[in-house]
Amino acid sequence: MYSNDTLKGRTALITGGGTGIGLEIATTYARLGANVMLVGRNQERVEAAAKAIVDEGGKAAAFKVDVRSYEEVKAAVETTVERFGTLDILVNNAAGNFVCPTAELSPNGWRTVIDIDLNGTFHGCHAAYAYLKASPHGGSIISIITMLGVTGWPGSAHASAAKGGILSLSRTLAVEWGGDNIRVNTISPGPIGDTEGVQRMYIDAGNGDLEARKTALGRFGRKQDIANAAVFLASDLGGYVTGENLIVDGGRWLKYVAA
Ligand code: NAP
C-alpha cells in the first residue's frame with residue numbers, strides 16, 4: 001500500500017518491539033526502508049524478532065530494556081544512534097496490564113502498570129528528545145494508547161489512568177516540541193484479533209463474537225491496521241499532524257458512546 005521507500009533512511013526505536021503490535025510496526029517499518037531497534041525485557045525474544053526482520057532483508061537490531069528504568073531507556077536510545085546514525089521515530093508501545101477491581105488493586109499493582117506505561121513513555125520521550133530534534137526528517141513520537149484511557153476502563157483503572165496520562169503528555173509535548181520539528185501523536189487501537197491478549201481474553205473465553213459486535217464494523221482489527229496508522233504518522237504523509245489521537249478501533253468507542 002505504501003511505497004517501499006516511505007521510511008527510507010529513517011531510524012525507529014520501538015518499545016515492546018518483540019511481540020504483537022510492536023513487532024508488526026517494526027516489521028512494516030523495516031519493509032518500508034527504516035532501520036529498526038526493538039527493545040523489551042526478554043532479550044532472546046527481541047533478538048529473535050530482529051533476526052527475522054534481518055532475514056527478510058531489513059535492517060534491525062535489538063536491545064534489552066526495562067522501560068521502567070530511565071538509564072536503560074537512555075542506553076537504548078544512545079545505542080540506536082551509535083548503530084544507525086540517527087533516531088527519527090520513537091514508538092512507545094510497551095505496556096503491562098491485568099484485570100482487577102480497583103478496591104482489590106494493591107498499590108504495588110497500580111504502581112507497576114503506571115511505571116511501565118506512563119513513566120516508560122515519559123522515559124522514552126525524554127531520552128530521545130535531543131536526537132529527534134536533530135532528525136533531518138523531523139522527529140516523530142507515536143504512543144500506543146486506547147480509548148479506554150479516555151472513557152474509563154472498569155477493572156483496569158491502572159491501565160486506564162496510564163493511557164489517559166500518555167494522551168495528556170503527548171498533547172503537552174506536541175505543543176512544547178512543535179518548534180523543534182518533533183510531531184507527537186497517539187494511536188488508539190480497538191480490539192486487535194491477532195494479538196495474544198485478545199485471543200486469550202475474548203476468543204479463548206468464548207466471547208469473541210460478542211466483543212467483535214461491540215465495534216461499529218462488527219469485527220476485530222488486525223495488527224497490520226495499527227502498523228499502517230503508525231507508518232502514516234511516522235512518515236511525511238502525516239507531516240502536518242501533531243497532537244492527534246488516531247483512533248483505529250472499527251468504531252468501537254463511538255458505538256459505545258452512541259448506544
Ligand atoms: P504485547 O504483545 O503483550 O506487547 C507488550 C510488549 O511490551 C511486549 O513485547 C513486552 O515485552 C513489552 N513490555 C512489557 N513490559 C515492559 C517493560 N517493563 N519494559 C520493556 N518492555 C516491556 O501486547 P500487544 O497486544 O501487542 O499491545 C501493544 C500495545 O497496544 C500496548 O500498548 C497495548 O496497551 C496497546 N493496545 C493493544 C490492544 C490489543 O487489542 N491488543 C488494544 C488497544 C491497545 P517483554 O515482556 O519482553 O518486556
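This is a predicted model: local features need pLDDT of at least 70, side-chain atom pairs count only at pLDDT 80 or more; totals for chains, interfaces and linings use all residues.
**Close-up views of the ligand site and a helix pair**

View 1. An N or O atom in the side chain of Arg 45 is placed 2.9 Å from an oxygen atom of the ligand. Lys 163 likewise brings a polar side-chain atom to 2.9 Å from a ligand oxygen atom, while for Thr 19 the distance from a polar side-chain atom to an oxygen atom of the ligand is 2.7 Å. The ligand taken alone exposes 890 Å², of which the protein buries 83%.

**View 2. Packing of helix H3 against helix H4.** Helix H3, spanning residues 70–84, packs with helix H4, spanning residues 107–133, at an angle of about 35°, and their axes are 9 Å apart; the crossing of the two helices is right-handed. H3 contributes Tyr 70, Val 73, Lys 74, Val 77, Glu 78 and Val 81 to the contact, and H4 contributes His 123, Gly 124, His 126, Ala 127, Ala 128 and Tyr 131. Seven nonpolar, three polar and two charged residues make up this contact of H3 with H4.

Terms used. Residues are numbered from 1 along each chain as its sequence is written. Side-chain values use heavy atoms; hydrogens and water are left out. A polar contact is a pair of N or O atoms within 3.5 Å; within protein, one must be able to donate a hydrogen and the other to accept it, and residues adjacent in sequence count only if both atoms are side-chain atoms. Accessible areas come from the Shrake-Rupley method with a 1.4 Å probe; for residues, only the protein chains shown count as cover. Axes are lines fitted to C-alpha atoms, for helices over the stretch in contact, and angles run from 0 to 180 degrees between N-to-C directions. Helices (H or I, at least four residues) and strands (E, at least two) are DSSP runs, numbered from the N terminus. A crossing is left-handed if the near helix is turned anticlockwise from the far one by less than a right angle, and right-handed if clockwise. Contact means heavy atoms within 4.5 Å. Ala, Val, Leu, Ile, Met, Phe, Trp, Tyr, Cys and Pro count as nonpolar, Asp, Glu, Lys and Arg as charged, and the others, Gly among them, as polar.
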